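Please read the numbered points with the structure in view.

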Amino acid sequence: AKLTDAFGDIPYFNGGLGNVGELSPEYDSQRDIYFDMIDRLEADIETLKQADGTVGLIGQDPIYNDDPDLWIRFANSLRFRLSMRIRHVEPGVAAETITEVLDEPLLTSNAHNAVQWGVDGDNGQLFSPWYNPFSYYNFRISDKVVTQLSSTNDPRLSIYAAPMSDGTYKGFVNGLVEEVFGETIDLEHSYPGEYLVGKGANTYLMTAAEIAFLQAECALFGLGGTDANTHYRNGIELAMLRAGVESEDIETFLATETATLSGTQEEQFEQICTQMWLAFAPNTAE
């Protein structure tokens with residue numbers, strides 16, 4: 001899914017078969033790939049419903065610890081994500097799949113999140129995959145992130161970014177060409193916070209916050225479910241709790257205009273997209 005979202009058509013049906021001599025697989029259409037992923041997930045879910053989690057490679061599942069029910073939630077949620085991403089180009093398939101998944105268990109709690117855990121210790125193999133690149137390349141936080149968080153008094157600012165020596169936050173402008181970068185370089189910008197790049201930073205493959213925002217989008221456009229605003233606010237709360245924001249700070253933010261959908265349908269959709277974008281961090285591919 002990540003590969004076709006990034007590159008479009010890719011080798012899929014015959015990809016990864018070099019061991020049996022398939023060295024030049026054809027590129028399959030993104031449409032066929034999406035349809036197949038949705039169908040395969042449906043079949044996987046039916047198989048998982050028959051599983052009891054006590055046979056197979058027990059103790060070797062680092063995501064859900066051999067719990068078939070959580071894998072069912074993940075598979076349904078992934079079908080939901082995929083169907084929402086094709087709703088403009090394949091509305092019929094999307095609508096059918098959305099109707100199916102909304103009647104099934106989804107990721108609704110942070111306890112359901114699909115996570116690869118980072119370990120803040122001495123074993124480098126267990127560090128967050130972002131820790132070593134950050135240490136080597138000396139990343140700075142994006143100005144777009146800092147501006148969004150600071151302009152809305154979002155309590156995640158001090159979690160996503162580290163303060164500079166004067167206690168303020170300053171993001172680095174994205175997309176500077178080399179010539180401009182060389183002329184304007186100023187490394188007095190905020191580093192990303194430990195939550196994003198520390199040794200123990202977690203990698204979130206899929207979270208309940210994303211699913212809440214997808215439910216909000218779904219309800220907003222009349223595709224299923226009700227009360228887009230409730231799902232939107234739930235997504236914000238789930239994302240903030242996951243990032244370690246204190247409960248009282250969450251309550252304060254939920255009382256602001258940013259935390260309530262308003263305006264035209266397109267403006268409300270932009271609010272949902274913005275909060276989903278923030279909630280994806282540090283999942284950069286998404």
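1. The model under review is predicted. When the whole structure is searched, one cavity of 30 Å³ or more is found. The space in this largest cavity comes to about 50 Å³.

2. Two elements, β2 (203–206) and α13, each contribute two or more residues to the lining of the largest cavity. The greatest contribution is that of β2, which supplies three residues.

3. The lining of the largest cavity includes Arg 81, Glu 210 and Arg 242. Also found there are Tyr 204, Leu 205 and Met 206, together with Ala 279, Phe 280 and Ala 281. Thr 207 and Asn 283 complete the list. By residue class, this lining holds six nonpolar, two polar and three charged residues.

4. Turning to the open space, the largest pocket holds about 590 Å³. Its lining is formed by 21 residues, and those closest to the centre of the pocket are Ile 141, Ser 142, Val 145, Leu 196 and Thr 284.

5. Which elements supply at least two residues each to the lining of the largest pocket? They are α9 (194–197) and α13 (265–280). Here α13 gives the most, with three residues.

Terms used
Residues numbered from 1 in each chain as written. Predicted model: local features only at pLDDT ≥ 70, side-chain atom pairs only at ≥ 80, totals over all residues. Heavy atoms only, no water. 1 Å grid on protein atoms, 1.4 Å probe; cavity = no way out; pocket = protein on both sides within 12 Å on 5 of 7 lines; lining within 4 Å. Points joined across faces, edges and corners; volume = space filled by probe spheres on them. Helix = DSSP H or I, 4+ residues; strand = E, 2+ residues; numbered from the N terminus. Nonpolar A, V, L, I, M, F, W, Y, C, P; charged D, E, K, R; others polar.
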